[in-house]
Amino acid sequence: MGLQEAAPAKVNLYLHVTGRRADGYHLLDSLTAFPPIGDLVAAEPADGLTLAITGPFAAGLQAEPDNLVLRAARALAAHAGIAAHAALNLHKVLPVASGIGGGSADAAATLRLLCRLWRLDIPPAALAEIGIRLGADIPVCLRSVPTRMRGVGEILTLAPALPSAGLILVNPGVAVATPAVFRARIGAFSPEAILPASWPDAESLVGDLARLGNDLQAPAVSLCPEIAQTLAALAALPECQLARMSGSGATCFALFGSAATAIRAAAALPQNHWWRWAGSLNGTAEGVAAKPAAA
Ligand code: C5P
């Protein structure tokens, strides 16, 4: 019988680059949220290892010889000392190379899924170690709950409780290469954020986030001007409280008082090829609305 795991998008509500390691990787401080939109990974028992890709963004991945999902499956099998065996299906709903997890969320969902299919009892810390060797965002995506991420992605602590809030995600359809964005970053490193234990409402969350930022936004805009247009369109929406880029881009997000407000506001976005989604920030199914997912 088949099993499946959700691979929700990761949104960096703020992202500070706080330093750089000797190996070139950057030290980060980021608050990640996981809204209820994402890819889906499914697995059926099989003798060999195969991957089929479906969904609106399947085409962007078909050409890749070694998808992160397959690499995650092989890494897990190697750790367990078994042959990788499963018929995997990745249903690709999120735009590719877009700063909202995507490949990392898929790899993390694959690790969780194959632990179930292969009946492996691997402690979370060991699974995170397998994950981080494949990508810095995989440990946080293994959790898929609001998390504060530090180090290069391996130091994870529970995030302050997030209030109920509305979210719009928009991707302008341009893939941005993460290493190029890190290379284009100039200027001093940022300090770590000081956060409260919780935020009572969306306004207080936005008030704190407004004092923080995404240090990769300016370099990403310098490489991809469409990000500036996306941010401007989000900031101009009625009742938008904050517009910012996620991760290394190009997906941008906007925060609203409620999911219903976000869904209403999304109707005023330009009717163009941009991928967009509106709903709730923090994982409840309340008010979820899939808007035209033009690829
Ligand atoms: O680990 P991941 O594949 O997501 O990272 C892609 C690239 O982004 C890395 O090779 C590195 O150039 C850059 N990066 C970084 N510091 C991080 C995460 C990624 O410099 N914390």
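A polar contact here is a pair of N or O atoms within 3.5 Å; within protein, one must be able to donate a hydrogen and the other to accept it, and residues adjacent in sequence count only if both atoms are side-chain atoms. This is a predicted model, in which local features need pLDDT of at least 70, side-chain atom pairs count only at pLDDT 80 or more, and totals for chains, interfaces and linings use all residues. Residues are numbered from 1 along each chain as its sequence is written, and side-chain values use heavy atoms, without hydrogens or water.

Stop 1: Select A136. One of its backbone N or O atoms lies 2.8 Å from an oxygen atom of the ligand. Now pick H26. A polar side-chain atom of H26 lies 2.7 Å from a ligand oxygen atom. The protein buries 73% of the 450 Å² that the ligand exposes when taken alone (Shrake-Rupley method, 1.4 Å probe).

**Stop 2: the largest pocket.** Its volume is about 1,000 Å³, the space filled by probe spheres set on grid points joined across faces, edges and corners. A pocket is an open set of points on a 1 Å grid over the protein atoms alone, where a 1.4 Å probe fits, with protein on both sides within 12 Å along at least five of seven lines; lining residues have an atom within 4 Å of a point. Select S104, A136, D137, T178 and S248, which lie nearest its centre among 40 lining residues. Next, color domain 1 (3-158) and domain 2 (166-280): both give residues to the lining, so the pocket lies between them. These bounds come from an automatic or database assignment.

**Stop 3: two backbone details.** Go to G249 and A250. A cis peptide bond joins them, with omega about 5 degrees.
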